[in-house]
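Please keep the sequence and the 3D view at hand as you read.

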Amino acid sequence: VQRGTLIKHDGWVVTGYKEALHILKHPHFKTRMPIPKDSKDNKRLIRIQKNMMLFKNPPDHTRIRSLVSKAFTPHAIEAVRTSIEETAHQLLVRVQDAGEMEVKSDFAFPLAMATIARILGVSPQDYPQFRKRADLLIRTTDLTRTEKTLDGEAAASELLDYFRSLVKYRLHYPEDDLISKLVGEADDGDKLDEDELLATCILLIIAGHETTVNLIGNGVVSLLKNPDQLIKLKEEPSLIRSAVEECLRFESPTQLTARFAAEDTEVGGTTIKSGEQIYLLLGAANRDPMRFTDPDIFDITREPNPHLAFGTGNHFCLGSALARLEAQIAINTLLQQLPNLRLENDRLQWRRLFGFRSLEELPIS
Ligand code: HEM
């Protein structure tokens, strides 16, 4: 735990595993929406984010999370297994003849988008418009953001309008999808209000693809750069579960999360004062040598692997089971259908984002 500045944002910077775990589980540390200085330009964006469960604390957080979890069950996720397998297969058949592909846009993005959209009940013809808008929102909320955020505001407005009309439609014509379940009342009569419902749709569609695309992309790169591990996985595809856990640890798609202290609290011998901001570097915690033996070695059989890639505590990623399933299917299908895949070149560029570990592109042949 150190005092520091992350891209002009002052606060405590936590890189240790033990300290990050402690803070994420401790009730004195709460979440809040980072309000940018030019916030008056971003009214709609801020209103959406304020209503996301990610930025809520108990009791509101408990209420919203419990309502959404009821519709986002292991059963609902298992139900999309076959469609993920079929989509992965079809996407690869399409590129097999071409002999080369860009893993993120030709494979990981369409796969992740089709999956979360199917769960939410978004029609396939609307998929293309989500990528650009979701990307604008991610760039707008990243700590490295320096440009004016009017584009993010426009994207937020468009996503709001889109989901508002979809929600209205599903109220009258429900289907077996998550939005239809969320517009109705839970068994105890509770339900999300309109702002909470729209914020949840936007959170799920963004969280549901950007990070998953990066998990697949980063995982494929880690395997291609560690040929011994790639061979091991090809020989024993059942290692895919622990391989995906290692991909999550080694190149964590979400690198950063934040909290503030609601009361003076000691962490690792340091007192964090009430109101102070804390940045938790999950990617660094996942490579902490005090917790992981040889943390910079990519080992798909690593056991145990208690990484913090999905966070922990009451905000533990709601989509972790879905993300794991998608990545396991995506990587194994890729290795089966393109057994001789290799990196097209060695000059891979990471995007200039602070909170996300994301390649610009990943060409393979
Ligand atoms: C929360 C990472 C995929 C939905 C989180 C958090 C992390 C995370 C670190 C906790 C943030 C915090 O404590 O402040 C990831 C990664 C993913 C992934 C690395 C993929 C590799 C998904 C997917 C969905 C999803 C596929 C949904 C379809 C959510 C939601 C929360 C969340 C709703 C907020 C939970 C709450 O506030 O109670 N995710 N996520 N995530 N994630 Fe994910």
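This is a predicted model: local features need pLDDT of at least 70, side-chain atom pairs count only at pLDDT 80 or more; totals for chains, interfaces and linings use all residues.

## Around the ligand

Which of the 24 residues around the ligand come nearest? They are Gly-208, Gly-311, His-315, Cys-317 and Gly-319.

Sorted by class, the shell around the ligand holds 14 nonpolar, nine polar and one charged residues.

## Where α13 meets α15

Let us follow α15 to a helix partner. Helix α15 (residues 320-337) packs with helix α13 (residues 240-250) at an angle of about 110 degrees, and their axes are 10 Å apart. Angles of 65 to 115 degrees count as roughly perpendicular, so that is how α13 and α15 lie to each other. The crossing in which α13 passes α15 is right-handed.

On the α13 side, the contact is made by Ile-240, Arg-241, Val-244 and Cys-247. Arg-324, Ala-327, Gln-328, Ile-331 and Asn-332 make it from α15. By class, the residues of this contact comprise five nonpolar, two polar and two charged.

## Leu-338 in the loop

Now for the loop between α15 and β9 (363-364), where you will find Leu-338. Is Leu-338 buried, exposed or partly exposed? Leu-338 counts as partly exposed because 17 C-beta neighbours lie inside 10 Å, while a buried residue needs 20 or more.

Leaving aside residues up to four places away in sequence, Leu-338 touches Leu-92 and Gln-96. Glu-251 is 87 residues from Leu-338 along the chain, and the C-alpha atoms of the two are separated by 23 Å.

Technical notes: Residues are numbered from 1 along each chain as its sequence is written. Axes are lines fitted to C-alpha atoms, for helices over the stretch in contact, and angles run from 0 to 180 degrees between N-to-C directions. Helices (H or I, at least four residues) and strands (E, at least two) are DSSP runs, numbered from the N terminus. Angles under 35 degrees count as roughly parallel, over 145 as roughly antiparallel, 65 to 115 as roughly perpendicular and the rest as oblique. A crossing is left-handed if the near helix is turned anticlockwise from the far one by less than a right angle, and right-handed if clockwise. Two residues are in contact if their C-beta atoms, placed from the backbone, lie within 7 Å. Ala, Val, Leu, Ile, Met, Phe, Trp, Tyr, Cys and Pro count as nonpolar, Asp, Glu, Lys and Arg as charged, and the others, Gly among them, as polar. A residue is buried if 20 or more other C-beta atoms lie within 10 Å of its own, exposed if 12 or fewer, and partly exposed in between; C-beta atoms are placed from the backbone. A residue is near a molecule or strand if its C-beta atom, placed from the backbone, lies within 6 Å of it.
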